[in-house]
Amino acid sequence: ADHSTDLSTESYAEELREVAKYRDGRFLFIRGEELTLASNKEGLLTTVHMVVAPSPENPDRGFAQDSGQELIVTGDGSLASAAPPLREALARVAAAGGFAYAAHPFDPISPILRGGTWDLDSDFLDSEGKALNPGLVGLEPWNRATSATADDARDPHCIQRDRDPATCFHPDPESDQYARLEKGIDLGWRPLLRKSLAASRSDADSPAFKVFLAAGSDAHGDLNYEATMDAVDFSKPLRGLTGYAENNALGKISTVVYCPNGMGPRGEEVLRALRDGRSVLSDGPLLIAGFDRNGNGSLDDPEDVLPGDHITFSARSLPPLQLLWVSSEEFGPVVSIRLIVGSAAGEAAPLEIPIPAGRMLASGNLYALDVASHLESLKSAWGTLRLEARTRNAAEEEFRCYTNPLWVRVVQR
């Protein structure tokens, strides 16, 4: 997804030609955009960024309108180059069958790049506050895998001779990717999940609305590291003028989607899974959870319930929640799996799930978890179940996986 401020009709068409050229059945690109938009909250030069994806029905169509214009062109939000209103852009995306995620919504970037903080009520929610703005499906607060930075973006690994080591990659405690992610969860995802459940009627067949989490490396520059001018550390002002490097890189963080029918020749199934929250977020290990409704020892059947889905059970028919996880020597064994139950009152404290001996690198078969007692407090109201996994390798590096929620209602009949 290129930035809307950098695109033209010609370059957007060229991107589609490039996308089509590299589709080989094993790997594919999907053309999208990252838009710079004016926040719905009134204020001077308050711009936000939003990642928009095309319709799963016709990914190559872009965001075409009656004029035939497929591209959404925006200004950068300055006085000389105004950015269009957020709701206006969302309306166009929705009309084209596309969808959007709020990009780094609570991690504002430098004034030069003009990506500010999303307002929870006016930017995410509609005018009544009981649904997401049409076209918006979630937020992407995990967009960097940075733990080290370098002042010199041209040679941050000090490959050239006679380099000053002080300008090369070194640990940067101010660049904690998990702190950024947890900040986005605390300020955005948890409150929105709570508002979703509070707006959901206990006799309704589905929750009032859903809101999903997404991740992506958002890497700019070299394929092996990020070269950026996104400097908000004013103790190092030159970084905002000459740029610097982060050890974030393309593919270090992923949104992993469930596509039982394959990706689709143009990414149709990938887009459906992203739109519907059938996904987990990871920088290494993988964890999924679901209800095996037919009890055949698999979560691959159409009737099974996976992240992004919703289901109503009677108290007598509630099956165990089934977990599957896998890691590797690179990412290390699983050291923690946590279950988090959400209600209209908010999320409960995480519950640590015991990991059986001999299954720390992979669960193997399904691992059954009885969640009945954890859902009793919902009392027939809608709630959410989501999980987090953490691994640690031999170098003491930590890696994580977050699932999107399952929406569950347990009725006493």
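This is a guided tour of one protein structure, taken stop by stop in the viewer.

The model is predicted: local features need pLDDT of at least 70, side-chain atom pairs count only at pLDDT 80 or more, and totals for chains, interfaces and linings use all residues. Residues are numbered from 1 along each chain as its sequence is written, and side-chain values use heavy atoms, with hydrogens and water left out.

**The whole protein**

Helices (H or I, at least four residues) and strands (E, at least two) are DSSP runs, numbered from the N terminus. Along the principal axes, the C-alpha atoms fill a box of roughly 65 × 55 × 45 Å.

Of the 413 residues, 50% count as buried; buried means under 20% relative accessible area, exposed over 50%, and partly exposed in between (1.4 Å probe, protein chains only). A contact means heavy atoms within 4.5 Å. Among contacts between residues at least 6 apart in sequence, 70% join residues at least 24 apart.

**The nonpolar cores**

Next, select Met-50, Trp-118, Phe-124, Leu-139, Trp-142 and Leu-192, which touch the most other members of the largest nonpolar core, a set of 55 residues. A nonpolar core consists of buried Ala, Val, Leu, Ile, Met, Phe, Trp, Tyr and Cys residues joined through side-chain atoms within 4.5 Å. Helix α4 (residues 177-198) gives the most to this core, with seven residues. Then turn to Ala-289, Ile-311, Leu-323 and Trp-325, which are included in a second, separate core of 28 residues.

**Strand β3 and its partners**

Select β3 (47-53). Six of its seven residues are buried, so β3 is largely enclosed by the rest of the structure. Strand β2 (residues 33-38) pairs with β3 in the antiparallel sense over six bridges; two strands pair if DSSP finds at least two bridges between them. Within this pairing, Leu-37 stands opposite Val-48. With β4, strand β3 forms an antiparallel pairing over four bridges, and there the bridge partner of Val-52 is Ala-100.

**Helix α6**

Move to helix α6 (residues 268-276), where Glu-268, Val-270, Leu-271, Ala-273 and Leu-274 are buried. The buried residues of α6 pack against β3, β4 (99-103), β5 (136-142) and β11 (254-257). After α6 comes Gly-277, whose phi is positive, near 70°.

**A sheet of four strands**

Now select β7, β6, β10 and β9, which form an open, antiparallel sheet in that order. Strands β7 (170-171) and β9 (226-228) stand at the edges, each with a single partner strand, so one side of each is left without a neighbour in the sheet.

**The loop at Ser-380**

Finally, select Ser-380, in the loop between α7 (372-375) and β20 (382-392). Which residues does Ser-380 touch, not counting residues up to four places away in sequence? They are Ser-202, Arg-409, Val-410, Val-411 and Gln-412. The C-alpha atoms of Ser-380 and Val-408, 28 residues apart along the chain, are separated by 9.3 Å.
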